[in-house]
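Welcome, and thank you for taking a look at this structure with me. Let us walk through it together, one part at a time.

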Amino acid sequence: MTLKEKVQQLENRAAGKTDEIDRIFKGESFGCTHEMSMDAQNCADMYQQLQSYMLQKTRLGIPLLTAVEGIEGILQNNCTIFPHELAQGSTFNPELIKKMTIAAGEEAHVIGIHQILSPVLDLARELRWGRVEETFGEDPFLAAQMGTAFVSGYQSFNITCTPKHFVAHGSPAGGLNCANVSGGERDMRSLYLYPFSKVIANTNPLGIMSCYSSYDGVAVSGSRYYMTDILRGELGFKGYVYSDWGSVERLQSFHHAVDSREEAAIQSLKAGVDLDVDGAYETLEKSVETGRLDIKFIDEAVRRVLTVKFELGLFDNPYGDPSKVKKVVRSAGHVALSKEVADESAILLKNDNHILPLDLAKYKSIAVVGPNADQTVFGDYAWTGHDTKEGTTLLQGLKEVIGGKVQLKYAHGCDWWSQDKSGIAEAAKMAEESDLTIVAIGTRSTFLGRSPHNSTAGEGFDLSSLELPGSQQDLLKAIKATGKPFIVVFIAGKPLAMPWVKENANAVLAQWYGGERQGRTLADILTGAVNPSGRLNVSFPRSTGNSPSYYNHFATDRNEPFDSPGSPEQPRGHYIFDRPDPLWDFGYGLSYTTFKYTGCKLADSILTGKGIIKIDVDVQNTGNTDGKEVVQVYVHDKVSSVATPVQQLKAFKKQLIKKGQTATVHLEIPVSDLGLYNERMKYVVEPGEFELQIGSAADDIHITKIVTVK
């Protein structure tokens with residue numbers, strides 16, 4: 001290979017229409033390509049011709065890696081829109097998410113796509129950050145389990161995933177996208193590296209995406225310590241690193257770690273970023289020719305890119321199957337699966353006096369109001385920017401389910417972002433004239449580049465305040481003032497601070513962006529056709545100042561060491577006017593049935609470092625409805641040489657239990673998972689007692705057991 005041909009294998013060249021192939025590629029092959037505006041059929045046809053062009057019209061006949069965003073389904077127009085990643089996490093059902101990505105992978109396969117730029121393994125520990133919706137939640141263990149399932153499904157085909165953003169990208173200072181992440185090496189290893197470590201070990205993905213941000217002042221995409229020593233040396237990653245858009249060039253323009261674009265490219269390449277998406281690597285040819293860069297770094301990166309192409313079988317068959325696109329893409333089965341994921345992701349947070357499911361015989365008219373009542377909200381990185389054309393809104397879902405039984409009235413009330421209150425009076429009058437009101441509030445975010453103005457979540461849309469944006473709180477108070485019962489449906493990409501909602505609404509149902517059948521899912525839950533089984537994968541804060549509110553905090557971080565007296569006006573604790581605990585805690589979620597934990601047995605209570613904790617939990621469905629319980633096991637290291645969290649999720653399982661029946665749920669925890677990074681930053685399992693906390697949520701523990709590690 002010539003030097004130019006080598007460098008081109010380290011670059012991405014965006015594709016275009018079929019008749020533009022020769023103009024764009026000019027007989028040259030590149031490492032990767034992408035397309036984000038065509039529909040599935042046209043993209044499949046284009047990729048078919050483009051790969052033929054690569055094999056037949058270029059000197060070396062090297063095929064292209066074809067990449068696409070795939071976090072909530074394939075980002076080609078008309079593909080199935082699945083629930084967003086935060087909603088995937090709240091299912092607590094890895095097997096279901098694997099089914100979802102098998103379906104999405106089938107769509108990618110027929111289109112001719114080989115690389116999925118997902119999943120996001122960042123942790124949602126900074127709720128002001130706009131990209132919370134793209135995470136599996138706040139917990140590293142949950143992210144690892146869900147990420148493993150996500151990647152495994154796609155890899156059923158000749159596709160690699162690209163877990164991102166390596167590493168620690170999701171906790172930026174002030175919640176500002178791409179800002180520096182503060183922390184030490186213990187946080188890095190205990191929290192941020194954990195999901196990557198497990199997903200790499202479990203699935204062997206052939207791609208990893210680098211991040212924009214710095215950690216403790218070090219720009220990660222320019223760091224050989226992170227991108228080579230840790231990622232490859234410690235975690236055993238064997239594929240190639242793909243830059244986030246512009247993360248290489250930003251070593252100069254954003255981090256000011258180097259003084260030129262060429263130097264940014266040199267530093268990133270040496271660090272271990274193999275393929276640059278945004279053009280900075282076009283300077284590398286000159287860098288070698290002028291002696292500023294040893295060609296061995298080019299050869300090392302090219303070897304990795306070509307190895308991935310060989311391992312994916314692209315030299316033998318880089319093609320999709322355009323003839324099957326119409327049959328496979330957005331098939332009825334895939335759309336039904338999207339709804340199934342949404343069904344299991346919605347979280348019932350409050351249900352006073354069992355107002356849900358709705359007894360339709362009690363209601364002659366129901367008002368449906370709010371900015372998200374007749375609006376589909378898919379979240380960032382869904383392909384559509386249309387309001388209602390590609391999905392089912394809450395109002396549409398209710399019309400499908402109860403339109404002929406109960407009179408439904410609709411009013412917008414207010415928008416999702418501004419202080420315009422002009423529509424609130426109309427909505428309140430409608431609520432006063434109805435027997436019940438359903439108020440749909442929350443956030444909005446859509447795909448970058450196709451986004452309407454005024455998004456309140458998504459990439460680049462960070463919040464300084466976690467209160468409900470705009471006039472939504474005023475709308476809620478006006479509905480409350482009517483004296484009629486009201487149900488809040490919270491459709492959002494992140495938790496917000498809603499203590500007033502918790503105190504005043506008769507019921508609260510939360511749905512992280514639930515895909516194209518979200519509205520029908522919500523209607524089915526409200527009317528009882530679906531029993532909610534989602535659990536909170538990220539805690540709700542009591543206020544903006546109450547953040548961070550994640551459950552796995554240190555003992556010192558929520559308790560006052562002095563005996564402050566407290567009062568109703570000034571509750572006891574670290575804050576004068578509030579408590580530091582969450583409004584709704586991690587793992588929480590209600591059902592239309594009830595569960596009783598009737599027993600728990602351990603195979604052994606004294607174990608060695610190589611042992612496995614085996615737990616059998618008996619759970620009885622004591623209600624009148626079949627339901628799914630999420631049995632959760634948290635671990636607390638009772639005495640440790642360095643601070644460890646008060647509890648850490650180490651096992652969970654979602655189990656369908658028929659009404660009146662008892663199920664024995666088996667869970668296992670390797671003793672090696674109980675370790676910590678000691679003062680010398682060595683991972684060890686310290687001998688001693690560990691408390692197992694078994695329950696329905698982080699703050700709803702039913703059974704505790706002690707195991708001793710010798």
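Predicted model: local features only at pLDDT ≥ 70, side-chain atom pairs only at ≥ 80, totals over all residues.

Residues are numbered from 1 along each chain as its sequence is written, and side-chain values use heavy atoms, with hydrogens and water left out.

Helices here are DSSP runs of H or I with at least four residues, strands are runs of E with at least two, and both are numbered from the N terminus. Axes are lines fitted to C-alpha atoms, for helices over the stretch in contact, with angles running from 0 to 180 degrees between N-to-C directions. Angles under 35 degrees count as roughly parallel, over 145 as roughly antiparallel, 65 to 115 as roughly perpendicular and the rest as oblique.

Where do helix 14 and helix 19 meet? Lys339, Ala342 and Asp343 in helix 14 are in contact (heavy atoms within 4.5 Å) with Arg520, Thr521, Asp524 and Ile525 in helix 19. These residues divide into 2 nonpolar, 1 polar and 4 charged. In this count, Ala, Val, Leu, Ile, Met, Phe, Trp, Tyr, Cys and Pro are nonpolar, Asp, Glu, Lys and Arg are charged, and the others, Gly among them, are polar.

Buried means under 20% relative accessible area, exposed over 50%, and partly exposed in between, with a 1.4 Å probe and protein chains only. Because 9 of the 10 residues of helix 19 are buried, this helix is largely enclosed by the rest of the structure. Its cover includes helix 14, helix 15 (394–402) and strand 12 (436–442). Just after helix 19, Gly528 takes a positive phi of about 95 degrees.

Now compare another pair. Helix 16 (residues 424–432) and helix 17 (residues 472–481) have axes that come within 9 Å and cross at roughly 30 degrees, so they are roughly parallel to each other. Ile424, Ala427, Ala428 and Ala431 in helix 16 meet Asp474, Leu475, Ala478 and Ile479 in helix 17. The residues of this contact divide into 7 nonpolar, no polar and 1 charged.

Next, look inside. A nonpolar core is a set of buried Ala, Val, Leu, Ile, Met, Phe, Trp, Tyr and Cys residues joined through side-chain atoms within 4.5 Å. The largest one has 121 residues, of which Ile111, Phe166 and Leu284 touch the most other members. Apart from it lies another core, of 44 residues, among them Ala87, Ala427, Leu468 and Leu496.

Finally, visit two single residues. Asp616 sits in strand 17 (residues 612–621) and counts as partly exposed at 30% relative accessibility. Pro687, in the loop between strand 22 (683–684) and strand 23 (688–697), is exposed, with a relative accessible area of 59%.
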